[in-house]
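This report looks at charged side-chain pairs and at one helix. The sequence and the structure come first.

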Amino acid sequence: MEELRMVSPSDTALQTLIPPRDRLAFVRIERMLERGRPLVLTDGQSCLLVLGEPKTPAWIWTANDISEEMLHSLFDSLATLRSTGQLSGIIAKGTVARLAELAWSSIPAERQRMSVYRMDRLRVCTAEGEFVPGSEVVSVRAGELLDRLSFADGNPMTAAQRREAGEAFGKDAFAAGWRAPDGTVASIARRADVGSGYSVIHSVVTDAPYRNRGYAKALLSVLCERILQENRIPMLYADRDYAPSNAAYRGVGFEERAHLCAIRWKDS
């Protein structure tokens, strides 16, 4: 493998590194670059670091048939970038994720294990209450629920961020909620279409007093039914160590397809 080379998001090398037929990969990469995420891409012959926000973990995008020799070369490059402060962490999947956990097992780091779920067949779930579009979720309430989600990830929002997030949720055409029988919007979620064939479910959160009543599953059931009717495939990413949400996703028909590992070095 060539030595890892740093490029800008506009570099033409990006257009040749990922096979043109993999349109889904291109769309995902474009979305990551729009959000300022650094990326490490390799096709097993070349290896590029796409510049992004320096304190954001880089996504590792590798060819499925990358050899052991090439993996060693990739990890040597990553170790150099880490030692020079050019990477704060990584997010990788499959073999690279497993090796990353081993390679940096003794180094102080925040680690999160995630699962990639995909749905082939929906298991319809219902619950008391009703489905409501995001526009009917009061922005203050949406902000509160999104703050619950951010707090669970270790990054609680400020009052201004809650307000901004809640207002954005109400304007999102793909946002939705589940209203409990007492009139409270207890659960919210939204989707983001990726390429021509996939829709990623995200921002799934249910307020603590309303959990274990099937509201999230009922909400996901409606969202996924609509996605499937559009001949798209529902996907989502979940924390592998949080059993309740994983059980809910499997309950509506999601199946685990891949493992991700996110590592943020504490000395970065």
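A network of salt bridges links Arg118, Asp120, Glu255 and Arg257. A salt bridge here is a side-chain nitrogen of Lys or Arg within 4 Å of a carboxyl oxygen of Asp or Glu. The model is predicted: local features need pLDDT of at least 70, side-chain atom pairs count only at pLDDT 80 or more, and totals for chains, interfaces and linings use all residues. Residues are numbered from 1 along each chain as its sequence is written, and side-chain values use heavy atoms, with hydrogens and water left out.

Searching the whole structure gives 14 salt bridges. Side chains of opposite charge can pair when their charged atoms come close. Among the salt bridges are these pairs:

| Pair | Closest N and O atoms |
|---|---|
| Glu144 and Arg141 | 3.3 Å |
| Asp193 and Arg191 | 2.9 Å |

Strands (E, at least two residues) and helices (H or I, at least four) are DSSP runs, numbered from the N terminus. Glu130 is partly exposed, at 40% relative accessibility. On this scale buried means under 20% relative accessible area, exposed over 50%, and partly exposed in between (1.4 Å probe, protein chains only).

Glu144 and Arg141 both sit in helix α5 (residues 139-152), 3 residues apart, which puts about one helical turn between them. Glu144 is partly exposed, with a relative accessible area of 31%, whereas Arg141 is buried at 15%. In the pair of Asp193 and Arg191, Asp193 is partly exposed at 26% and Arg191 is buried at 6%.

Helix α6 (residues 159-171) has 13 residues. From its first C-alpha to its last, α6 reaches 19 Å, close to the 18 Å expected at 1.5 Å a residue; the expected span is 1.5 Å times one less than the number of residues. Which residues of α6 are buried? They are Ala165, Gly166 and Phe169. Viewed down the axis of α6, the buried residues fall within an arc of 100°, so they line one face of the helix. That arc is taken over the directions from the helix axis to the C-beta atoms. On the face of α6 turned away from the buried side are the exposed residues Arg163, Glu164 and Lys171.
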